[in-house]
Amino acid sequence: MIEASGLTKTYGRTTAVSDLSFTVRSGMVTGFLGPNGSGKSTTMRMMLGLDNPDRGRALIDGQRYIDLKHPLRKVGSLLDANWVHPNRTAAAHLRWMARANGISRRRVGEVLETVGLTAVAGKSAGKFSLGMKQRLGIASALLGDPEVLLFDEPVNGLDPEGIHWIRTFMKGLAAQGRTVLVSSHLLSEMALTADHLVVIGRGRLIADASTKEFIARSTESSVRVRSPQLGRLTEALGELSVPGLRWGPDTGTEGEALSVVGLNADKIGDLAADKRITLHELSPQTGSLEEAFIQLTSQAVEYNAREPMPMSQPGDTRWGPGNPPSGPGPLPAPGPLPAAGQGAPTQQVPQGQPAQQFPHGQPAQQFPQGQPAQQGGWAGGPPAQPYGAPPPGDSSTDPTTQER
Ligand SMILES: Nc1ncnc2c1ncn2[C@@H]1O[C@H](COP(=O)(O)OP(=O)(O)OP(=O)(O)O)[C@@H](O)[C@H]1O
């Protein structure tokens, strides 16, 4: 379990993390989400003792990282897959880490096997693709067979197969009872991977909830209805006096369909049966994590642009009568549905970004190679100093020493 309480970190005039408290539980994957620059990496670095909080603390099973006797056996991390010496082979890199942390050499073969790198164990990591480097970083994180795992953007830049592999892998780790915290910009991916979400914006906590709850709480569910008699259906809907009932064209469907909010599928079906209206589809729709995320973090996105105004306006009579400008009326489209009682959404989205992916303005490598180890952190966990390194002069602790 990881417990962050009141974590605060400023860099000069920038408050990267502000009074942040949350708990990461074992046995599940917790997604760590936030717009660019919201403080995810800073938080993870503080958890790993790579940055000191100005205030507050992060405890791993009740202890600060720097107080852990065998940190790599308790916590494994992947902060940047590129933190591996390019001239070292995968096996040599892992052997070096194992030795520096008092872990048996036998474990190197095991973790290489686990991540599927046995066949390329003797190849220089510098020749690895990004996906292979991510696997090597994960192997490093697993070296000490830790209960707690932290992954910062592990799927960034991976192809669909690599993404699928990491998703399955993380779920597997959580199923073994481990604590898994993973940050990502790929919201659709997080919706599939994470059981629980911690969402931050401008360094502050925005949400700490199960993924299901987060989506349900932040988006509105609707019902998609297809019918050859939509005009009659909207007339029938217009005759109801149900608070919050709204409808409009369903833009996500080919052909004519209606999106209804404020009346569940059963009731719509009953209404249609009552009026002898034929239905071809009646399907409840829930919001996406992306919608929920935008809804909640729009104020916290530093770089954003307004979306074009919604197309559909009150008074839209595309579906015939039953759509008066006031009272029950059409839904705005496209885009997330507004909260009940609100008008058209003026939600903000980051400029020029693909829908499901938030911008990753931060350079891939936040700490240039060559930075002192205790400030940067190598892939998979801290290097020799100050985490129980072998005696000085031992060439196996020197990352620049090539070993094949
Ligand atoms: N070493 C540092 N020196 C100065 N400012 C920093 C440093 N590290 C982070 N920051 C600033 O702190 C804020 C939070 O950065 P951080 O990298 O933690 O955010 P993030 O959520 O991980 O962002 P991204 O998703 O883009 O990686 C940003 O404004 C960033 O510029």
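My entries run from the whole chain down to single residues.

**Ground rules.** I am reading a predicted model, where local features need pLDDT of at least 70, side-chain atom pairs count only at pLDDT 80 or more, and totals for chains, interfaces and linings use all residues. Residues are numbered from 1 along each chain as its sequence is written.

**Whole chain.** I looked up the secondary structure and found 12 helices and 15 strands. Helices (H or I, at least four residues) and strands (E, at least two) are DSSP runs, numbered from the N terminus. Next I checked burial. A residue is buried if 20 or more other C-beta atoms lie within 10 Å of its own, exposed if 12 or fewer, and partly exposed in between; C-beta atoms are placed from the backbone. Of the 404 residues in the chain, 44% are buried.

**Cores.** I then turned to the nonpolar cores. Such a core is a set of buried Ala, Val, Leu, Ile, Met, Phe, Trp, Tyr and Cys residues joined through C-beta atoms within 7 Å. The largest one has 78 residues, and Met47, Leu94, Leu112, Ala139 and Leu143 touch the most other members. Helix H3 (residues 90-100) gives the most to this core, with 8 residues. Another core, of 12 residues, lies apart from it; Val223 and Leu233 are among its members.

**Sheet.** I traced an open sheet of 6 strands in the order S5-S6-S7-S3-S8-S9, with mixed pairing. Two strands pair if DSSP finds at least two bridges between them. Which strands stand at the edges? They are S5 (75-78) and S9 (204-210); each has a single partner strand, so one side of each is left without a neighbour in the sheet. The twist averages 15° from one strand to the next. Angles run from 0 to 180 degrees between N-to-C directions, and axes are lines fitted to C-alpha atoms, for helices over the stretch in contact. S5 and strand S6 (residues 148-152) run parallel, joined by 4 bridges. I found Leu78 opposite Phe151 in S6.

**Leu7.** My last stop was Leu7, in strand S1 (residues 2-11). Why does Leu7 count as buried? Leu7 is buried because 25 other C-beta atoms lie within 10 Å. Contact means that the C-beta atoms of two residues, placed from the backbone, lie within 7 Å. Leaving aside neighbours within four places in sequence, Leu7 is in contact with residues including Val17, Leu20, Thr43 and Pro53. Leu7 and Ser21 are 14 residues apart in sequence and 6.5 Å apart in space, C-alpha to C-alpha.
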